[in-house]
Amino acid sequence: MRSRFEPDRQLTARMAVTMFLLGLVYVTFIAALIVLLKSTVLVVVIAAALLGAQYWYSDRIALYAMRGQIVTSEEQPELHGIIDRLCATADMPKPLVAVSRMDLPNAFATGRNADHAVVCVTTGLQRRLSVEELEGVLAHELSHVAHRDVAVITIASFLGVIAGLVVRFAFYSQLFGGRGRDQNTAVVFMAVMAVSALVYALSFLLIRALSRYRELAADRAGAMLTGKPSALASALTKVTGDIARIPTEDLRTAQAFNAFFFTPALGPGTAVANLFSTHPSLERRLAALAQLAAELGGPGGGAP
């Protein structure tokens, strides 16, 4: 079912190209593993099982990792009220609503489609934002669901996950002498490591290229839905500033999910990390929202 979120043809095209390129890399990766490990059935079964788990259970995995819990409208009436209004305005199915009891101010959407989606916010985000700002963040997350880029980024991130798992598997197989410790084994081990590292690097670059654009697209679509780009800009400024003050240990725990977050869990003084960030810079996002506000006719963007 088509929602009332503004369609983004550029995002659709980028998702298609990313999935096509990742598909080629994935097929090549599996073929290389089959040749190197000489076990077609084992490689295919493991790869298929991991891909299926990533696709079907990505929402549960993400909630478990972020300590999120599904909440009812009785437990979180304000949060449910905002999402009810946004979903009615967007004419889209209401996702499950979850809350993570973490001070890290953030939100994310996950799930394989609009009918099996979850939107999760942290208590740290709820505590810091006004109702209008929280509405802007939730509209941003719902746009990810409506544009189906949540499922795409979930599948895309799978390739990096399996490449990392293969490296670990090869390492422990060599460590515990699974094939013996002859010269041929060492060559196979190094080849698997090299192929996995290359696949991880390619998937890393492709995911970041898509992820940065999808965040700009979600900012625009969410702000168009609420009609209040300034509220979303205010939320971005607050959250980015407060994340910089979160303890480094807490940030490291959350960084594996940066591609799904409203803003990345990055601390101050991380210029190199920002270069490879899953999100565009705060300045770029604010400039895009300011331009949208001007298009809508006023500093706040006008009424929805």
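The points below concern a predicted model, and each takes up one part of it.

1. The sheet. Four strands make up an open sheet, and their order across it is β1-β2-β4-β3. The pairing in this sheet is mixed. The edges are taken by β1 (68-70) and β3 (107-111), each of which has a single partner strand, so one side of each has no neighbour in the sheet. Direction ignored, neighbouring strands are turned against each other by 30° on average.

2. Pairing of β2. Strand β2 (residues 96-100) and strand β4 (residues 117-122) run in the parallel sense and are joined by five bridges. Across this pair, Val97 stands opposite Val119 in β4, and Ala98 stands opposite Cys120 in β4. The pairing of β1 with β2 is antiparallel and has three bridges. In that pair, Gln69 stands opposite Val99 in β2.

3. Burial of β2. How enclosed is strand β2 by the rest of the structure? Four of its five residues are buried, so β2 is largely enclosed. As for side-chain direction along a strand, a general point applies: in a regular strand the side chains alternate between the two faces of the sheet.

4. Helix α4 on the sheet. Which strands does the helix packed on the sheet touch? Helix α4 (residues 77-90) touches β2 and β4, and its direction makes about 140° with that of β2. The buried residues of α4 include Leu79, His80, Gly81, Ile82 and Ile83. Leu86, Cys87 and Ala90 of α4 are buried as well. In an α-helix there are 3.6 residues a turn, so residues three or four places apart point the same way.

5. Length and end of α4. With 14 residues at 1.5 Å a residue, α4 should span 20 Å, and the distance between its end C-alpha atoms is 20 Å, so the two values agree. Just after α4 comes Asp91, with a positive phi of about 55°.

6. Cysteines. How many disulfides are there, if the sulfur atoms of a pair must lie within 2.5 Å? The count is zero. Cys87 is buried, at a relative accessible area of 5%. Cys120 is also buried, with a relative accessible area of 1%.

7. Helix α6. The 16 residues of helix α6 (residues 131-146) should span 22 Å at 1.5 Å a residue; the end C-alpha atoms are 22 Å apart, which agrees. This helix is mostly covered, with 14 of its 16 residues buried. Arg148 follows α6 and has a positive phi, near 65°.

8. Crossing of α6 and α9. Two packed helices are described by the angle between their axes and the distance between the axes. For α6 and helix α9 (residues 229-243), the axes come within 8 Å and cross at roughly 90°. The two helices are therefore roughly perpendicular to each other. On the α6 side the contact is made by Glu132, Glu133, Gly136 and Val137. On the α9 side Ala231, Leu232, Ser234, Ala235 and Lys238 take part.

9. Gly222. This residue lies in helix α8 (residues 183-226). Is Gly222 buried or exposed? Gly222 is buried, with a relative accessible area of 0%. Leaving aside neighbours within four places in sequence, Gly222 is in contact with Phe5, Ala139, His140 and Ser143. Gly222 and Leu138 are 84 residues apart in sequence, while their C-alpha atoms are 7.9 Å apart in space.

10. Glu215. Helix α8 also holds Glu215, which is buried with a relative accessible area of 0%. What does Glu215 contact, leaving aside its neighbours within four places in sequence? The residues are His140, His144, Ala259, Phe261, Phe262, Thr278, His279, Pro280 and Arg285.

11. Tyr200. Another residue of helix α8 is Tyr200. Tyr200 is partly exposed, with a relative accessible area of 44%. From C-alpha to C-alpha, Tyr200 and Val25 are 9.9 Å apart in space, and in sequence they are 175 residues apart.

Technical notes: Residues numbered from 1 in each chain as written. Predicted model: local features only at pLDDT ≥ 70, side-chain atom pairs only at ≥ 80, totals over all residues. Heavy atoms only, no water. Disulfide = S-S within 2.5 Å. Buried < 20%, exposed > 50% of the residue type's maximum accessible area, 1.4 Å probe, protein only. Pairing = 2+ DSSP bridges. Axes fitted to C-alpha atoms, helices over the stretch in contact; angles between N-to-C directions. Contact = heavy atoms within 4.5 Å. Expected span 1.5 Å × (residues − 1). Parallel < 35°, antiparallel > 145°, perpendicular 65-115°, else oblique.
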